[in-house]
Amino acid sequence: MSRVSVAVALLALVLQACGTAPPGPAATISVNQVGFPPEAAKWAAVPVNGAASFAVVDAHSGREVWRGPLGAASVWAPSQQAVRLADFSVLRTPGEYRLHVDGLADSPRFTIAGDAYAALNVAAIKAYYYNRAGAELRAEHAGPWARAAGHPDTHVLVHASAAGPARAEGSAISAPKGWYDAGDYNKYVVNSGITVYTLLAAYEHFPRFFQSQALNIPESGNGIPDLLDEALWNLDWMLAMQDPADGGVYHKLTSKSFDGGVMPHQSTGDRYVVMKATAATLDFAAVMAQASRVFAAYETQRPGLSARMLAAAKAAWAWAQAHPAVTYRQPPDIHTGGYGDDKLSDEFAWAAAELYVTTRDDAYLAAMERAQAPVGVPGWSDVATLGWISLAHHRERLTPAVDRALIERRITGLASKLADAWQASPYRLAMQTDDFVWGSNATALNQALVLIQGYRMTGERRLLDAAQSALDYVLGRNPLGMSMVTGVGAASPMHPHHRPSQADGVAAPVPGFIVGGPNPGQQDAKDCPVPYASKQPALSYLDHDCSYASNEVAINWNAPLVYVSAALQVLTK
């Protein structure tokens with residue numbers, strides 16, 4: 001422990017004894033600002049003052065409904081602030097509540113309800129609709145965020161890096177639809193991979209939850225669940241990114257440089273497909289194999305789609321076998337997002353796993369085993385665990401060649417490590433100081449996704465409670481005291497780095513997007529007219545549209561929000 005850490009820890013004890021709250025953003029009660037299912041673990045974080053107990057009060061009448069003791073004060077390393085935990089898990093009566101601690105302002109209100117996360121889940125999925133490329137968003141579906149269509153992408157130029165015998169440099173292809181990747185207007189296969197996987201996994205794992213859900217999108221009521229309809233908007237684009245001549249997949253569809261703060265229809269420059277690469281091709285293969293089995297049930301609505309997706313996955317796999325180490329290198333005239341990845345064993349493992357699950361061909365299982373990719377919390381550049389999750393979910397229908405005990409060890413071993421970190425944390429959060437990176441909010445939610453897989457396999461309750469804590473964190477139980485999802489909670493981001501939110505003339509940002517979250521790297525500090533308030537990892541956040549390092553949105557960050565909110569709604573009993 002450093003001298004600074006020792007000093008802060010001693011200060012926490014002094015503060016506890018003298019009843020003085022530490023300065024900074026944590027001097028308010030932090031709680032999940034949406035709420036909880038009745039049977040959920042329920043925690044709040046309280047700054048240190050002289051109080052020894054807390055009360056839960058009715059949000060309307062102020063009547064005290066439950067009182068309990070505050071936990072011991074402890075310093076959470078990522079924020080270097082002393083907090084005490086309030087555990088009110090025993091309160092299960094539906095209603096609207098606040099937390100009260102003498103000497104502090106009451107917490108934001110929250111609900112306890114059987115459908116606590118239904119509206120949140122709808123908002124998180126609907127964000128993808130708002131980020132559709134090539135679509136007019138009409139007022140009956142988009143409300144005040146209606147806008148004209150932009151980027152039809154029916155005449156996309158083949159960049160020199162992507163040229164081949166059948167598609168010369170400067171020739172044109174059509175690759176419409178898809179989602180804008182983040183705050184910018186480009187589309188990337190690598191990031192689409194983990195995004196679509198997570199959405200489809202949510203449907204595979206909890207189909208009943210989504211089958212009755214209504215998003216109010218143009219496709220609603222067409223016989224396909226709205227979540228799958230939304231995923232199809234991107235899957236249709238991904239299919240167009242495969243070269244039919246050889247099965248390779250282009251890394252991205254992009255302008256040469258990022259646009260300024262304009263609306264989609266105001267961005268009219270040339271668009272390009274850029275370079276085939278192994279990572280993009282394998283991510284494509286994995287998602288198409290998964291989508292093939294999901295959409296097999298919707299042959300009437302989309303005839304031939306499932307078979308087409310599986311054929312595309314196999315063609316992409318064959319290309320990757322022939323080109324096993326083509327890593328993406330940004331051409332000198334392209335200045336948009338890179339998503340470069342030099343480590344490809346995880347992509348090979350994931351693609352092989354999905355193809356094995358869908359086809360039950362042991363050759364793909366052998367290929368996964370040869371890749372020897374370790375498990376870890378998933379992210380766009382580390383996808384091996386996605387394959388293990390699919391194997392775990394489908395383990396009862398796999399071939400005799402699969403080692404079911406190994407699958408369980410891989411999933412439960414990682415989940416248990418995360419739960420141990422959660423249990424030892426003063427904030428009851430698995431996140432460690434090193435986890436506060438670009439997109440830290442998604443790191444928390446992907447940790448929750450892993451914890452949920454462990455719970456689904458073992459029924460060990462602490463794994464579910466640890467996942468709940470991660471959702472609590474992004475919804476307000478954090479040192480900033482704010483929900484990190486636009487339009488959700490009493491205090492949420494108002495100025496995300498998201499071009500439509502910046503340029504549409506609507507005061508409120510497009511709702512349902514989780515922002516990246518605290519990032520001590522502060523890579524955008526030189527570009528922002530206002531400074532970050534803190535360099536502490538859990539406080540290094542700036543609600544300004546300049547802040548692409550802490551306040552941007554991204555499709556891969558929203559996906560685990562969709563998964564985790566649905567899973568906790570279904571599993572918490």
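The model is predicted, so local features are reported only at pLDDT of at least 70 and side-chain atom pairs only at pLDDT 80 or more, while totals for chains, interfaces and linings use all residues. Residues are numbered from 1 along each chain as its sequence is written, and side-chain values rest on heavy atoms, without hydrogens and water.

**Sheets**

Helices (H or I, at least four residues) and strands (E, at least two) are DSSP runs numbered from the N terminus; two strands pair if DSSP finds at least two bridges between them. An open sheet of four strands has the order E1-E3-E7-E6, with antiparallel pairing. Its edges are strand E1 (30–31) and strand E6 (74–76), each of which pairs on one side only.

| Strands | Residues | Bridges |
|---|---|---|
| E4 and E5 | 53–58 and 64–69 | five |
| E3 and E7 | 43–47 and 81–87 | five |

E4 and E5 form a hairpin with five residues between them, and Gly 62 in the turn has a positive phi of about 80 degrees. Trp 43 stands opposite Asp 87 in E7.

**Helix packing**

Helix H7 (residues 278–295) packs against helix H8 (residues 305–322) at an angle of about 155 degrees, with the axes 8 Å apart. Axes are lines fitted to C-alpha atoms, for helices over the stretch in contact, and angles run from 0 to 180 degrees between N-to-C directions. H7 and H8 are therefore roughly antiparallel (angles over 145 degrees). The contact (heavy atoms within 4.5 Å) involves, among others, Phe 284, Met 288 and Phe 295 of H7 and Met 309, Trp 317 and Trp 319 of H8. The contact residues comprise 16 nonpolar, four polar and no charged; Ala, Val, Leu, Ile, Met, Phe, Trp, Tyr, Cys and Pro count as nonpolar, Asp, Glu, Lys and Arg as charged, and the others, Gly among them, as polar.

**Aromatic pairs**

The whole structure contains 22 aromatic pairs (ring centres within 6.5 Å, with the six-membered ring used for Trp). The rings of Phe 436 and Tyr 473 have centres 6.4 Å apart and planes at 75 degrees, so this pair is edge-to-face (planes over 60 degrees apart). Phe 436 lies in the loop between helix H12 (404–424) and helix H13 (440–458) and Tyr 473 in helix H14 (residues 461–474), so the pair ties together parts 37 residues apart in sequence.

Technical notes:
Parallel < 35°, antiparallel > 145°, perpendicular 65-115°, else oblique. Phe/Tyr/Trp six-rings, centres within 6.5 Å; stacked < 30°, edge-to-face > 60°.
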